[in-house]
Amino acid sequence: MNRVHVRPAAVDSAGFRLEPGGHVTGHLRNWVCGSLRRWGLEPLTPDLELIATELAGNALLHGELPARATLELLPARGVRLAVTDAGPGFLPEPVVASWEDDADGAGRGLMIVSALSTAWGVDRLDLGQRVWADLVPH
């Protein structure tokens, strides 16, 4: 069962810089794939590439620059992918509620993130937000 979390946090400046452009998602997916390969977590690649694409797309479409993706290892041999941007942020509860009333198709990217991840959430930052997703092997 996926759980949504909202909490305050500090900005993490390490990772992959996201910039608008035609090849950003391809480069991001390559970075995710290479990182997972180095960590011996290749089986997570397809799901994490899709999660990264959805979160990065949301940050570039709805957020504000600068935007950055980060990856970190979790204790249970999983990973956390986070995308940070300088936009005003959003509350996840209305997005999750919109999944039951699919009239406008809003929030489908986060629905995919929720379906593929172990947990996901939103961290409020002093400037912007971080949307993250954890993925742990089964």
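1. Of the contacts in the protein chain with a separation of 6 or more, 66% are accounted for by residues 24 or more positions apart, where contact means heavy atoms within 4.5 Å. Please keep in mind that this is a predicted model, in which local features need pLDDT of at least 70 and side-chain atom pairs count only at pLDDT 80 or more, while totals for chains, interfaces and linings use all residues. Residues are numbered from 1 along each chain as its sequence is written, and side-chain values use heavy atoms, with hydrogens and water left out.

2. Overall fold. The protein chain has 4 helices and 6 strands, and read along the sequence these follow the pattern β-β-α-α-β-β-α-α-β-β. Helices (H or I, at least four residues) and strands (E, at least two) are DSSP runs, numbered from the N terminus.

3. Burial and surface. Of the 138 residues in the protein chain, 41% are buried; buried means under 20% relative accessible area, exposed over 50%, and partly exposed in between, with a 1.4 Å probe and protein chains only. The chain exposes about 7,500 Å², of which carbon and sulfur atoms supply 56%, the areas coming from the Shrake-Rupley method with a 1.4 Å probe.

4. Nonpolar core. The largest nonpolar core has 28 residues, and those with the most contacts inside it are Leu18, Leu28, Val32, Leu48, Leu55, Val79 and Leu81. Two or more core residues are given by each of β2 (16-18), α1 (24-38), α2, β3 (67-73), β4, α4, β5 (119-124) and β6, with α2 giving the most, 6 residues. Such a core is a set of buried Ala, Val, Leu, Ile, Met, Phe, Trp, Tyr and Cys residues joined through side-chain atoms within 4.5 Å. Leaving aside its neighbours within four places in sequence, Leu55 is in contact with Leu81, Val83, Leu110, Val113, Val131 and Ala133.

5. Largest pocket. The largest pocket has a volume of about 320 Å³ and is lined by 17 residues, of which Asn58, His62, Phe90, Leu110 and Gln129 lie nearest its centre. A pocket here is an open set of points on a 1 Å grid over the protein atoms alone, where a 1.4 Å probe fits, with protein on both sides within 12 Å along at least five of seven lines, and lining residues have an atom within 4 Å of a point. At least two lining residues come from each of α2 (45-62), β4 (79-85), α4 (108-116) and β6 (129-135), and α2 supplies the largest share, 4 residues. By class, the lining has 8 nonpolar, 7 polar and 2 charged residues.

6. Glu49. This residue has its place in helix α2, and Glu49 counts as buried because its relative accessibility is 16%. Apart from its neighbours within four places in sequence, Glu49 is in contact with Arg29, Val32 and Cys33.

7. Thr84, in strand β4, is buried with a relative accessible area of 9%, and beyond its neighbours within four places in sequence Thr84 is in contact with Pro66, Ala67, Arg68, Leu125, Gln129 and Arg130. Leu127, in the loop between β5 and β6, counts as exposed at 59% relative accessibility. With neighbours within four places in sequence again left aside, Leu127 is in contact with Asp85 and Ala86; Leu127 and Asp85 are 42 residues apart in sequence and 8.2 Å apart in space, C-alpha to C-alpha.

Notes. Points joined across faces, edges and corners; volume = space filled by probe spheres on them. Nonpolar A, V, L, I, M, F, W, Y, C, P; charged D, E, K, R; others polar.
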